[in-house]
Amino acid sequence: MPIQVLMPALSPTMVDGKLAKWVKHEGDTVASGDVLAEIETDKATMEVESVDDGVLGKILVVEGTEGVAVNTPIAVILAEGEDAAALKGSVDVPAPVNMEPSTMPASTPAPAPAQPLPASDVPTEPEYTGPTAAMTVREALRDTMAEEMRRDGEVFLMGEEVASYQGAYKISQGLLDEFGPKRVIDTPITEMGFAGLGVGAAFAGLKPIVEFMTFNFAMQAIDQIINSAAKTLYMAGGQLGSPIVFRGPNGAAARVGAQHSQCYASWYAHCPGLKVVAPYSGADAKGLLRAAIRDPNPVVVLENEILYGQTFEVPTDPDFVIPIGRAKIERPGKDVTIVAFSRMVGVALEAAAALAEAGIDAEVVNLRSLRPIDTATIATSVRKTNRLVSVEEGWPAAGIGAEIAALMMEHAFDYLDAPVVRVTGADVPMPYAANLERLTLPQTQAVIEAARSVCYR
Amino acid sequence: MPNETRIDSGKGAGKGRAARGEASTGEQLLQDYRQMLLIRRFEEKAGQLYGMGLIAGFCHLYIGQEAVVVGMQASAHQGDSIITTYRDHGHMLACGMEAKGVMAELTGRSGGYSKGKGGSMHMFSREKGFYGGHGIVGASVPLGTGLAFAHKYREDGGICFCYFGDGAANQGQVYESFNMASLWKLPIIYVIENNKYGMGTSVERASATVDLYRRGEAFAIPGVQVNGMDVLEVRAAGAEVADYVRSGKGPYVMEMNTYRYRGHSMSDPAKYRTKEEVAKMRKESDPLDTLRSYMLERQLVDEARLKDIDRDVRAVVNEAAEFAQTSPEPDPSELFTDILIDA
């Protein structure tokens, strides 16, 4: 069969080009890889190579021709043993290649005017009736890692100072003694390297817990978290997942300045392929970290340094799990919904107590998960209270509060009696001075004022 | 081959060039020839389909570099892991992945290894130990180091073949990986495929030191330079280095001097090098011609057998191209699948 040489597309955007020069001529023997012709596009001159061995039987487009459309036959190559007679009938234009993009599936459907309540496929957290004990968030995190490492030999912890030093914030206290250096691994200061190493180990099926000393340093590793951990399952058509946990303190500590005081919640919550949780209480820390370790997907656990030392009543059942994707009503109320996560849940609860004295009954929603976010629980609450305040430490632009405001426009617009108000960190790099730092972070008083404003009281 | 002192000490980098192995049997060499020819013909066909608009986006061809992966994979065992960057079609074929599935991924069809969702740079096969196919230059090196970590953690005897280019060799995370791999004695071979150009920038214009096999020196990782255009040399060096790594002595750096005949990607007119340079490499150093002459000279094969191989390979590639054009596009319902595994 004679082989047609078609005008090639030499870039993703080329539609036609000039056939500048024939390097081979009719009757020439050509081998696979030989340059047949030169083509000019608006960007460059490029060579057309033969993809078969044979003889250049006929040139169909003479050199110098401009505007030759991609896929036009430009020559015919005769295979070994064929002669010119074989050319008959071979110069028909081939069926055009379908270059049209295939029919796009419908994008996210526009919300129906009736605004049905979004259904969550995440199971509701079962009522916990087991034993509890008073412990700090730090101890809850440590105990959970220890319990999961006892349960599954493929779970291991790696990070800076997690082993001999017992953790920069003492979260891994005692783990080296119990599990040894094979499973509790001090890394060099090399975030991108050990995050990527963890993802590779997870590709192989191990279940790494990668501790970042703080999430500020995870910016060095964010390419591995997003491009390698979050996207690979999709890029592999479902073949290759990464069961890995990235955890560490997120957000502002106290007086550590701009480079060590940033909330990354909206950065990670933005990305498909990740799950993102942000515990507030000791129970949250236990239930969410356990869910994260047992989850077959990459999970980012955003902890908070200031919460580490706070004491809560915590379930001690080694199988206590909080489903990722479910928010918790920390305080029921009927007048206004205050949505918060991590340390800001405490601020919201303080504000709610003060508001109660002023006769405003606030409902506090602890988000717990930021991806997936529990839209159903927030919308149900807003339909009841008709007013919404969101509280976060992070910057306002493209933040979690912005997302919640948009979600409530889609799912509870008709129920809102006031515009949503966001209480956020100030839109500045974190200052060091004590007074300026205080002005930067959301304070209880700001939440109280926001709640009063949406209640018009 | 690297001298014994260097290998045993595990310190510092080698200065020597690897020697050519003569021990391979005729059948092994014929198998290498077939694999290299399969990669060559596959890539030529991919270039052709790209020209027809059937393959789009980025498409980085491996033509010219075939001896590297074929020679190295001769030392791979069942259970080893392989990872590379975006010039990955050759590695997939050398791992035993099917040409049909690879080509159908290039055309974005449901029969592709990633159901059409990955494309040229993103294919995987857990079954064959192939872990991608990664598009961010340098990022696959920590990932490969993690695969090696898993081999050691599980004590499964496996090693990781971690391929990357001369361009990636200047990324910081490569050295973060070298440090950890040496510190923890991880079973990994870092194969630097030095094809002389990181996109359009020559090694000399990008690297303060051009002896890439010495890049592990600061981490006490030995290295060796190999003629990556000669599958016999790659084979011999790969076997020795794989034995070293498999024995638990830690990582090894191999610099493969090779050359890509085509541009960096399909849309690269390759103005940074002369036509004469490319022609000279093709004429004097082509890995297929070199092996073919070697086998014919020693009468390990005759022309008829080579012709049979050529015909077989063409059939495989044509079948792959046919499949890649007839396999349907992924169903629109696939858009929202494979984002998360059900917990």
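This is a predicted model: local features need pLDDT of at least 70, side-chain atom pairs count only at pLDDT 80 or more; totals for chains, interfaces and linings use all residues.
1. Start with H2(B) and H5(B). Helix H2 spans residues 26-51 of chain B and helix H5 spans residues 99-106 of chain B; the two pack at an angle of about 25 degrees, with their axes 11 Å apart. Angles under 35 degrees count as roughly parallel, so that is the label for H2(B) and H5(B). Their crossing is right-handed.

2. Which residues make that contact? From H2(B) come Leu38(B), Phe42(B), Ala46(B) and Leu49(B), and from H5(B) come Ala99(B), Met103(B) and Leu106(B). By class, that makes 7 nonpolar residues, with no polar and no charged ones.

3. Now the contact between the chains. Chain B puts in 49 residues and chain A puts in 50. On the chain B side, the elements giving two or more residues are H2, helix H6 (140-154) and helix H7 (172-183). H6(B) gives the most there, with 9 residues.

4. The largest nonpolar core has 230 residues, and the members touching the most others are Ile338(A), Ala348(A), Ala451(A), Ile189(B) and Met254(B). H2(B) turns up again here, giving the most to this core with 10 residues.

5. Met254(B) deserves a look on screen. Leaving aside neighbours within four places in sequence, Met254(B) is in contact with Ile189(B), Tyr190(B), Val191(B) and Ile192(B), and also with Tyr213(B), Gly223(B), Val224(B), Val226(B), Ala237(B) and Val241(B). Of these partners, Ile189(B) is also among the core members that touch the most others.

Note on methods:
Residues are numbered from 1 along each chain as its sequence is written. Chains are lettered from A and ligands numbered from 1 in the order in which they are written. Axes are lines fitted to C-alpha atoms, for helices over the stretch in contact, and angles run from 0 to 180 degrees between N-to-C directions. Helices (H or I, at least four residues) and strands (E, at least two) are DSSP runs, numbered from the N terminus. Angles under 35 degrees count as roughly parallel, over 145 as roughly antiparallel, 65 to 115 as roughly perpendicular and the rest as oblique. A crossing is left-handed if the near helix is turned anticlockwise from the far one by less than a right angle, and right-handed if clockwise. Two residues are in contact if their C-beta atoms, placed from the backbone, lie within 7 Å. Ala, Val, Leu, Ile, Met, Phe, Trp, Tyr, Cys and Pro count as nonpolar, Asp, Glu, Lys and Arg as charged, and the others, Gly among them, as polar. A nonpolar core is a set of buried Ala, Val, Leu, Ile, Met, Phe, Trp, Tyr and Cys residues joined through C-beta atoms within 7 Å. A residue is buried if 20 or more other C-beta atoms lie within 10 Å of its own, exposed if 12 or fewer, and partly exposed in between; C-beta atoms are placed from the backbone.
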